[in-house]
Amino acid sequence: MTALADNVLYPLGTGETGASVAVVIVTFNSAGALPALLDSLVDGMKGVDRFEVIVVDNDSKDGSAEIAQEHLLHPTVIRTGRNAGYAAAINIASERADAGAHLLILNPDLRLYPGAVRPLIEQVATSKVGVVVPLNYKEDGSIDPTLRREPSIVTAWADAILGGNLAARLGLGEIIGELGHYNRCRSVQWATGSALLVASEIRKTVGAWDETFFLYSEEVDYQRRIREAGYDIVYEPRSKVMHAGGGSGTGPRLFALLTANRIRYYRRHHGALRTALFKLGVVVGHAARSWRGASHRAALISAVAPLRSAAAFVESTRG
């Protein structure tokens, strides 16, 4: 039995965590994926005292905001009126959410398994745990390797020379591909932003997400800041989600932005020489694979070109 009030869903008789959760979903033309995620939330939240759902819509043209408004959960829907970017949308939701709530940030193309959120809350209640991430499955039931190593010259060149998949399996690339790492709870350097539970304390200690990235690498930056503040990023495989993929779009333009932001992030934390070596590894990797298609060619051009702000990049590629 459930009760709805003030856009907050209170599961009656099941809450044992003493925690409040604000579910944050950023949508951008996500109509095809969003309903299944919203439908999965009630079962996914079993064992959680109370939660609210906040959907921030970045000016979708496919009715995503309307789908959210009409759903039985009655989420709070915030229309930005523009494509504000992923980090900006998270910040908008955080400002609206209850100040004491943990933030559960979910891609719209996810589905929660029953009881998925409670193990995340149990971990985040532990001292000095800042973010907890679940086990992601692909639609075919295989593990989606979402755990990552901090970007480095070694990972850039390993990915370039060996290819991302082989480098991941050998433990040299940015992606942690060895499946044994996904069998147990452990601390990690960072994880992709498809599903993250951010502790309420982190919202106060670390502050807002960096909106200058617009899209991609903002989660790398945010989790680095969490580690630098003395908190852990923890992977919890008892929590399970299914990641359908494709909810945020793909294609050459976005692949180019991802590449530019990888270099932008690395440059922020390293000197000119190390950044040049990192960038060269990225360039070599995409140059060697440019025959595979437009995405690698767009990424190569983006890596070679002088870095601009992410917002300027996005504006220059409109239309």
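**Close-up 1. A salt bridge between E150 and R224.** A salt bridge here is a side-chain nitrogen of Lys or Arg within 4 Å of a carboxyl oxygen of Asp or Glu. In this predicted model, E150 and R224 make one, and their closest N and O atoms sit 2.7 Å apart. The pair ties together distant parts of the chain: E150 lies in the loop between β9 (147-148) and α5, while R224 belongs to helix α8 (residues 218-228), 74 residues apart. Count everything that meets the rule and you get 14 salt bridges.

**Close-up 2. Helices α9 and α11 packed against each other.** Here α9 (residues 252-269) meets α11 (residues 294-304) at an angle of about 35 degrees, and the two axes are 8 Å apart. The crossing is right-handed. From α9, the contact draws on P252, F255, A256, T259, A260 and I263. On the α11 side, the partners are A294, S295, H296, A298, A299, S302 and A303.

**Close-up 3. A nonpolar patch on the surface.** Five side chains to look for in this view are I161, L162, L166, L170 and L172, which together have about 430 Å² of accessible area. Helices α5 (153-162) and α6 (164-170) each put in at least two residues of the patch.

Key
Residues are numbered from 1 along each chain as its sequence is written. This is a predicted model: local features need pLDDT of at least 70, side-chain atom pairs count only at pLDDT 80 or more; totals for chains, interfaces and linings use all residues. Side-chain values use heavy atoms; hydrogens and water are left out. Axes are lines fitted to C-alpha atoms, for helices over the stretch in contact, and angles run from 0 to 180 degrees between N-to-C directions. Helices (H or I, at least four residues) and strands (E, at least two) are DSSP runs, numbered from the N terminus. A crossing is left-handed if the near helix is turned anticlockwise from the far one by less than a right angle, and right-handed if clockwise. Contact means heavy atoms within 4.5 Å. Patches are made of residues with over 30% relative accessible area and no salt bridge: like charges are joined within 9 Å, nonpolar side chains (Val, Leu, Ile, Met, Phe, Trp, Tyr) within 5 Å. Accessible areas come from the Shrake-Rupley method with a 1.4 Å probe; for residues, only the protein chains shown count as cover.
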